[in-house]
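Here are my notes on this one, in the order I'd click through it. Have the viewer open while you read.

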Amino acid sequence: MTMRPDPTFHASPKLAMEAPAENFAYTLLLSPDFSKPDALAVIDVKPGSPTYSQIVHTVTMPNKGDEFHHFGWNACSSALSPLTGHAFIERRYLIIPGLRSSRIYIIDTKPDPTQAKIHKIIEPEEVFRKTGYSRPHTIHCGPDGVYVSTLGGGGKDGTNGPPGVFIMDCETFEVLGRWEIDRGPQTLHYDFWWNLPRDYMVSSEWALPPQFENGIVPEDLLANKYGHRLHFWDLRARRNVQTIDLGANHQMALEVRPAHDPVREYGFAGVVVDTTNLEGSIWTWWREGGKFHAEKTATIPPEPADKEKLPPLLQGFGAVPPLVTDIDLSMDDRFLYVSCWGTGEMRQYDVSDPRKPKLAGSVHTGGIVRRAPHPSGKTYAGGPQMVEISRDGRRVYWTNSLYSTWDDQFYPDGVPGVEVMANVGRNGGLELDKDYFVSFPDGYRAHQIRLEGGDCSTDSFCYPSV
């Protein structure tokens, strides 16, 4: 608890963009064969520093087999909410769930990121007992607590009941219980986010644990059994008010990104693959006349490829699907970044008109067939995956692993963990920074990134930009 609001909390997106640049990045490391514990790497991202683009600290967990995937802060700009905020809490703790173990680690980043350490461990039994959920995934710091989405229900395989969202106390980290009062038709889960002043939340769908933990199930994919719906919720009532089906062929509606400025009642969702043509797609959703609407506003085609260059999973298709696995929106709501993990491309769309995205920039790193090298000359295996944007929108960071068993199916030669960064032109465009290339220790893959002081996929704002 502080006597003044945390200086990394900002009332509006514009004020967040004007804040000092990040000096450190936090990146999750996972051991795909569970031979060693997962870890959190702290990276120096300050240009001119003698340790720029290097790991300066590592927090290694005491357990094996957690499978780190997503993580987030205990508090952020949403704490400034005039109704239910915690204005005098500080952005201090990183909350890291083990997607496979359902264990949750609380990491204290004070007094300095280079001294980060484990503060608390929440064992899976507490999550099971208090929520009936398993496989915790997305973390969002809300004005009244920490919201955690899950991908599994109860039981050993996570299929005893639907997954959902639960709440943790943002100071004690006690698991409080389920968030939903009325989930309506929601039976799958993945990402979620909100517009706080407008009092609504949107969530998306991936799959149940048997459909992802041991790898993608081709029969289920071709039968369109993965998630393909968006759910809209009344935040205060904790009730599902509308569900939009994007069409069964639009498999795996994963990341959702609402506009940062709460005046704007729209956002974006990424769909991994269309089973009719292997395209990836971006969808725009908006509220009008008291109802939510969604339409496909951009498509990304597959790339034809020789059968012998493809992994067994794709040889029958003769092409590489883009596989849209992550998206992120700049703080000014101008540029949407789209990770095409299959084709090895990071795309930048100008979404000034949210229903007419325009391709503004593109760079390639890796790819199933393309295997584009980094401008440093170093090998980049895998493709662009988890993406994070600096608050000022001038730097875009990404890693290369999707999920351990899926990595093995799509990139059977391996996905050694790396992190890269591209600089953004003032009017758009991307250029890979040849001096920023982080190679992680052997045996580790790299996943989600968080930036010191906040970033474009954690903070929610209660006041409009002026």
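1. Arg371 comes out as exposed, at 53% relative accessibility. Keep in mind that this is a predicted model. The salt-bridge partner of Arg371 is Asp413, with 3.3 Å between the closest N and O atoms. Arg371 sits in the loop between S25 and strand S26 (387–389), and Asp413 in the loop between helix H4 (404–410) and strand S28 (418–424), so this pair links parts 42 residues apart in sequence. Asp413 is exposed too, with a relative accessible area of 67%.

2. Asp407 and Arg445 form a salt bridge at 3.1 Å, N to O. Asp407 belongs to helix H4 and Arg445 to strand S30 (residues 445–451), so the contact ties together parts 38 residues apart in sequence. Buried means under 20% relative accessible area; Asp407 is at 0% and Arg445 at 9%.

3. Arg450 and Asp455 make another salt bridge, their closest N and O atoms 3.8 Å apart. Both ends are buried: Arg450 has a relative accessible area of 3%, and Asp455 has 0%.

4. The total is 34 salt bridges. If you like networks, look at Glu90, Arg92, Asp108, Lys110 and Lys117, which salt bridges link together.

5. How many disulfides does the structure hold? There is 1, between Cys76 and Cys141, with the sulfur atoms 2.3 Å apart. The S-S torsion is about 115 degrees, so the disulfide is right-handed. Cys76 is in the loop between strand S4 (72–73) and strand S5 (93–97), while Cys141 is in strand S8 (residues 134–142), so the bond joins parts 65 residues apart in sequence. Cys76 is buried at 1% relative accessibility, and Cys141 is buried at 1% as well.

6. What about Cys456 and Cys462? Cys456 is in no disulfide, and its nearest cysteine sulfur, that of Cys76, is 13 Å away. For Cys462, the closest cysteine sulfur is also in Cys76, at 8.9 Å, which is too far for a bond. Cys456 is buried at 0%, and Cys462 counts as buried at 11%.

7. Last, a sheet. Four strands form an open, antiparallel sheet in the order S22-S23-S24-S25. Its edges are strand S22 (324–329) and strand S25 (358–364), each pairing on one side only. Neighbouring strands are turned by 20 degrees against each other on average, direction ignored. Inside the sheet, S23 (residues 335–340) and S24 (residues 345–350) pair over 6 bridges, and Ser339 has Met346 in S24 as its bridge partner.

Methods. Residues are numbered from 1 along each chain as its sequence is written. This is a predicted model: local features need pLDDT of at least 70, side-chain atom pairs count only at pLDDT 80 or more; totals for chains, interfaces and linings use all residues. Side-chain values use heavy atoms; hydrogens and water are left out. Two strands pair if DSSP finds at least two bridges between them. Helices (H or I, at least four residues) and strands (E, at least two) are DSSP runs, numbered from the N terminus. Axes are lines fitted to C-alpha atoms, for helices over the stretch in contact, and angles run from 0 to 180 degrees between N-to-C directions. A disulfide is a pair of cysteine sulfur atoms within 2.5 Å. Buried means under 20% relative accessible area, exposed over 50%, partly exposed in between (1.4 Å probe, protein chains only). A salt bridge is a side-chain nitrogen of Lys or Arg within 4 Å of a carboxyl oxygen of Asp or Glu.
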